[in-house]
Amino acid sequence: MTEDRRDDREAKHSRDSGAAGENGMVPPGRTAGKDAASSEAVAESVDSPRTVPPSAGRPGTESSDPEAGPAKGAAPAAERKAAGAARPAGPSKTAARSAAKKGESESPPDPREAPAKALLAEVLARIQATYPDVVEAAELTKFIPMFLIKRDAWRDVAAYLRTEEGLAFRYLEAMAGTDYPKEGYIEVVAYLTRIPEAITVGIKVRAPREAPAVPSLVPVFPGANWEEREIYDLLGVNFAGHPDLRRIMMPDDWHGHPLRKDYSPFD
Amino acid sequence: MADIRTEEMLMNVGPQHPSTHGVLRVVVKLDGETIIDADPVIGYLHRGTEKLAEDLQYNQIIPYTDRMDYLAAMLNNYALVHAVEEAMDLEIPERAEYLRVIVMELNRIASHLLFIGTYLLDLGAMSPFLYVFQDRERIVQMFNEICGARLTYNYMRIGGVKWDAPPGWIDKVKAFVPHVRKTMGMLDDLVTGNEIFLNRVKGIGAYDADTAIAHSLSGINLRCTGLKWDLRRNRPYSIYDRFDFDIPVGENGDCYDRYILHLKEMEQSLRIVEQACDQIPDGPVMGKAPKFVRPPAGEYFSAIEGARGELGVYFVSDGKDKPYRLKFRRPSFLNLQLLPSLLKGQNMANLIAILGAVDIVLGEVDC
Amino acid sequence: MFGFVKGLAVTISQLPKKKVTIQYPDVRPEWPERFRGIHELIPERCIVCGQCARICPTSCISLSGTRGEDRKLRLDTFDISFEICILCDLCTEVCPTEAIKMTGEFELAAYSRDELYKNMEWLYDNYIRHDGVRELEAAGEPRAVPEKAGERGE
């Protein structure tokens with residue numbers, strides 16, 4: 001038992017080059033093996049919820065988690081809402097929104113789920129009406145509709161969501177890139193919000209890890225400029241059509257892209 | 001005048017410049033005194049928080065968030081714990097929520113006070129800087145009492161807060177509120193009517209709401225254009241729907257509006273603090289949080305209204321106790337984007353006025 | 001013009017006010033009880049569970065222990081590298097026996113980085129300098145307060 005603990009500590013030490021651990025004699029192969037195993041496990045477990053069937057009409061069925069989540073969260077949320085209504089602060093915005101949304105009864109799991117589902121269906125139908133076959137998957141990620149868009153149509157769909165009457169998701173709230181080495185792609189996600197209703201949808205796109213390239217959103221959302229530069233810098237995604245694609249965080253002569261899972265600073 | 005062309009000059013402002021509030025470098029191309037191009041260079045404070053976080057448990061990331069926007073660390077703490085709590089549907093005890101709101105709003109006041117002080121210092125007024133520090137010091141001391149640190153609080157935990165308020169702390173906060181009001185009145189007398197100040201900020205660096213939205217600005221940088229967009233109101237989180245407060249907005253979207261909105265927002269924060277201090281119930285401050293925080297696999301995004309704008313947290317969980325990917329949507333980072341287009345055609349002396357009013361914290365820009 | 005005068009009035013009104021600054025090295029600030037300063041360690045209390053080393057976000061703690069004859073673990077070495085310690089308090093939070101705590105000590109400046117690597121003895125001395133003075137006296141075994149290391153002024 002003591003043995004194990006010490007291993008743990010030493011592994012920690014060997015990872016941390018700064019700590020002066022003179023008592024550690026760790027066989028190098030061992031920690032490396034450990035690391036590899038754990039990273040593999042990471043990739044594996046991420047695999048399962050991610051293989052979403054492209055049948056887009058069934059949101060929130062690909063994993064049991066969202067179902068289990070709202071059921072648990074329903075009680076406190078409802079309670080809080082009631083408390084909020086009782087005070088002079090005025091009615092909760094979310095409740096008003098959901099009531100106005102579709103007239104759907106938002107009784108069981110979570111009051112936020114029904115409007116989110118309705119929004120998912122609505123936006124999906126509108127995208128598909130204009131751009132058939134570009135949505136590869138659609139799901140609810142904790143009450144935010146998320147659409148996986150084909151790479152070629154990435155910018156068109158973003159522009160459509162921004163300008164189209166009735167959609168008007170004019171505000172690019174956030175962008176992020178994630179590396180999935182096991183699946184072999186890098187994912188770029190963008191959250192678009194309708195101001196002032198505060199309704200958010202997410203769109204994402206996948207690019208192969210080797211030479212990833214995604215159309216740039218800067219012509220549509222000028223606010224994507226630095227976000228894309230950051231993703232380019234840290235993950236190596238090439239944004240075609242970006243006016244000024246340079247490194248932003250790392251020095252200009254830096255090699256590699258640090259946020260990639262297989263990045264090693266010694267290359 | 002206009003037809004006299006002088007030689008273009010390339011000049012570095014920063015990275016070690018007192019008015020860049022940290023290590024920001026702006027490469028400006030000058031034609032005489034006029035800026036024809038500006039290019040902010042960032043990354044000097046990049047510590048790779050997002051990469052480090054992939055190797056840390058969720059509770060271990062909280063001290064790292066302290067170091068992003070170090071002037072409003074409570075809000076950063078909250079952004080992270082809120083995102084994880086949302087993902088896990090955790091129930092937070094009432095008292096913890098109230099304590100969180102109190103410390104967050106106090107932190108917002110402290111951050112805004114510092115903005116006013118440093119902004120006026122940039123513009124050449126020395127004494128407001130000293131006055132605001134007196135009040136900020138009192139807030140910082142109150143934080144020191146409740147969580148044991150003056151700047152890097154590490155106060156919130158997933159499921160609650162670390163400490164309950166020490167005896168008498170709430171009363172101290174209550175007594176502090178009128179004091180800040182007095183200081184704000186003093187600042188108003190001291191600065192807001194000052195003709196030199198008004199000449200330097202009125203109509204400078206103005207933009208409209210559409211530009212602001214297109215460039216993903218948030219916080220006061222967005223509200224100064226007249227757009228009412230405050231996540232505390234538009235997408236209520238925590239217990240903000242229980243408080244009565246207004247969202248002050250500007251009219252012209254210039255530096256003056258941004259300055260005055262900081263003062264007005266402090267007033268609203270004080271109102272929230274007052275109400276929260278009156279309503280705070282007794283009870284536990286830590287809910288039933290699992291020892292190992294493992295959000296269900298999936299991706300999550302949630303955002304709060306930080307001191308400088310929308311502070312969002314996007315994270316991908318693979319069901320483990322460490323995030324697979326964690327990304328912070330930092331308001332300062334995005335607010336700074338508009339700077340080059342604001343500076344173009346301006347006088348060199350306005351660079352300081354415009355840059356200061358954006359209210360950036362480099363720890364957050366670089367993350 | 002009126003704006004100037006109003007501002008000047010504020011400035012003048014500040015003159016009779018009391019000073020809010022303290023003369024730092026001569027007058028020490030008083031920290032509240034929860035203040036998170038440099039650690040102190042009571043080796044006898046440590047059960048070598050290693051939780052502090054595991055929770056540490058910067059991995060700045062390293063410790064080792066051996067099993068004594070009474071089958072209890074005893075601490076052999078305990079080091080904190082204050083080069084990377086961020087004083088986040090997570091280690092004292094998880095410690096089940098309160099062997100590691102935080103003091104009001106906050107001055108860590110040193111001439112060399114090696115001096116920032118503090119071992120068990122230093123941390124115990126730090127305990128005697130702070131909580132230890134009181135606690136040991138109450139227990140009836142007062143101890144001479146050791147000099148603070150690193151103040152040699154080389």
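Predicted model: local features only at pLDDT ≥ 70, side-chain atom pairs only at ≥ 80, totals over all residues.
Biologist: Let's pick one helix, α6 of chain A. Which of its residues are buried?

Modeller: That helix covers residues 154-163, and the buried ones are A:Trp154, A:Arg155, A:Val157, A:Ala158 and A:Leu161.

Biologist: Why do you say they line one face?

Modeller: Look down the axis of α6(A): the buried residues fall within an arc of 165 degrees, so they line one face of the helix.

Biologist: And what do those residues pack against?

Modeller: Parts of chain A: α5 (113-130), plus the strands β2 (144-149), β4 (185-194), β5 (199-208) and β6 (213-215).

Biologist: What about A:Arg162, is it buried or partly exposed?

Modeller: A:Arg162 belongs to helix α6 of chain A too. The cut-off for buried is 20 or more other C-beta atoms within 10 Å. A:Arg162 has 19 C-beta neighbours inside 10 Å, so it counts as partly exposed.

Biologist: Which residues is A:Arg162 in contact with?

Modeller: If you skip its neighbours within four places in sequence, A:Arg162 is in contact with A:Phe169, A:Arg170, A:Val220 and A:Phe221.

Biologist: Switching to chain B. How many helices and strands are there?

Modeller: Chain B has 15 helices and eight strands. Its radius of gyration is 21 Å, close to the 21 Å that the globule rule gives for 367 residues, so chain B is as compact as a globular protein of that length. Buried residues make up 60% of chain B.

Biologist: How big is the C-alpha trace of chain B along its principal axes?

Modeller: The span is about 70 × 45 × 35 Å.

Biologist: And chain C, what does its secondary structure come to?

Modeller: Four helices and five strands, in the pattern α-β-α-β-β-α-β-β-α along the sequence. Chain C has a radius of gyration of 22 Å, but a compact globule of 154 residues would have one near 15 Å. The C-alpha trace of chain C spans about 85 × 35 × 35 Å along its principal axes, and 26% of the residues in chain C count as buried.

Biologist: Now the cores. How many residues does the largest nonpolar core have?

Modeller: The largest one has 175 residues, and A:Ala190 and B:Ile102 have the most contacts inside it. Helix α4 of chain B, residues 94-122, gives the most to this core, with 16 residues.

Biologist: What is B:Ile102 in contact with?

Modeller: Leaving aside neighbours within four places in sequence, B:Ile102 is in contact with B:Val173, B:Val273, B:Ala276 and B:Cys277. There's also a second, separate core of 20 residues, including C:Phe78, C:Ile80, C:Cys91 and C:Ile100.

Biologist: Last topic: how many residues does the contact of chains A and B take from each?

Modeller: It takes 45 from chain B and 41 from chain A. On the side of chain B that touches chain A, β6(B) gives the most, with five residues. That side has 17 nonpolar, ten polar and 18 charged residues.

Biologist: And how many residues are in the contact of B with C?

Modeller: There are 20 from chain B and 19 from chain C. The largest share of the chain B side, five residues, comes from α5(B). By class, that side divides into nine nonpolar, eight polar and three charged residues.

Methods. Residues numbered from 1 in each chain as written. Chains lettered and ligands numbered in written order. Core = buried A, V, L, I, M, F, W, Y, C linked by C-beta atoms within 7 Å. Buried ≥ 20, exposed ≤ 12 C-beta atoms within 10 Å, placed from the backbone. Helix = DSSP H or I, 4+ residues; strand = E, 2+ residues; numbered from the N terminus. Contact = placed C-beta atoms within 7 Å. Arc of directions from axis to C-beta. Nonpolar A, V, L, I, M, F, W, Y, C, P; charged D, E, K, R; others polar. Rg over C-alpha atoms; globule rule 2.2 N^0.38 Å.
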